[in-house]
Structures are given as structure tokens and as C-alpha cells.
Amino acid sequence: MVDLLYAALEQADGANMPIVVSESGWPSDGGFAVSLDNAGTYNANLVMHVWGGTPKRPSPLET
């Protein structure tokens, strides 16, 4: 999804606009398989993912 945003910004002459991911998709009101252990795993994987960037821009994402 971030690469789609980068592509749209490039089309609108906004290629140098900084992007900050301010929200991720972890459920905050409970749900299937929600636990502290799973939340920790989710957050650790999110950090590892944003450090790698995206295929379009392989530098860390501000998150």
C-alpha cells in the first residue's frame, strides 16, 4: 500500500514528499487470537518490516 502511495505522489509531482506510517492494523478491541504474546510478535515484525522499506524505496520507513 505504501508503494501505491509513492507511485501516486510521483504522478502528482510529489515524489520528494516524506511519508510517515502513523497506524498499523492490530485490533484494539479484541478479536480472534488477540493476546499480549501475539501483539508483541506483531509489533516486532512491524519494526523489522519498516526497517527494510518497500520494494520501490528500500530505505527505512518512518513509523
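## Ground rules

Helices here are DSSP runs of H or I with at least four residues, and strands are runs of E with at least two, numbered from the N terminus. By that bookkeeping, W26 falls in the loop between α1 and α2. Keep in mind that this is a predicted model: local features need pLDDT of at least 70, side-chain atom pairs count only at pLDDT 80 or more, and totals for chains, interfaces and linings use all residues. Residues are numbered from 1 along each chain as its sequence is written, and side-chain values use heavy atoms, with hydrogens and water left out.

Let's start with W26. Its relative accessibility is 30%, so W26 counts as partly exposed (buried is under 20% relative accessible area, exposed is over 50%, and partly exposed is in between, using a 1.4 Å probe and protein chains only). W26 and A39 sit 13 residues apart in sequence, and their C-alpha atoms are 7.5 Å apart in space.

D13 is in the loop between α1 and α2 too. Because its relative accessibility is 76%, D13 counts as exposed. Its backbone is worth a look: phi of D13 is near 55 degrees, a positive value in a residue that isn't glycine. For context, most residues other than glycine have a negative phi.

L4 is in α1 and, at 64% relative accessibility, counts as exposed.

From A7 to K56 it's 49 residues along the chain and 8.7 Å between C-alpha atoms.

## The largest pocket

On to the largest pocket, which has a volume of about 190 Å³. A pocket here is an open set of points on a 1 Å grid over the protein atoms alone, where a 1.4 Å probe fits, with protein on both sides within 12 Å along at least five of seven lines; lining residues have an atom within 4 Å of a point. Points are joined across faces, edges and corners, and the volume is the space filled by probe spheres set on them.

The lining is made up of M1, V2, D3, V21, L46, H49, V50, G53, T54, P55 and L61. Both α1 (2-11) and α2 (36-52) supply at least two of the lining residues, and the largest share, three residues, comes from α2. By class, the lining has seven nonpolar, three polar and one charged residues (Ala, Val, Leu, Ile, Met, Phe, Trp, Tyr, Cys and Pro are nonpolar; Asp, Glu, Lys and Arg are charged; the others, Gly among them, are polar).

T54, one of the lining residues, is in the segment after α2. At 9% relative accessibility, T54 counts as buried. Its side chain makes a polar contact with the side chain of D3, at 2.5 Å (a pair of N or O atoms within 3.5 Å; within protein, one must be able to donate a hydrogen and the other to accept it, and residues adjacent in sequence count only if both atoms are side-chain atoms).

## A charge over a ring

The charged end of R57 sits over the ring of Y6, 4.0 Å from the ring's centre. That label needs NZ of Lys or CZ of Arg within 6 Å of the ring centre and within 35 degrees of the ring normal.
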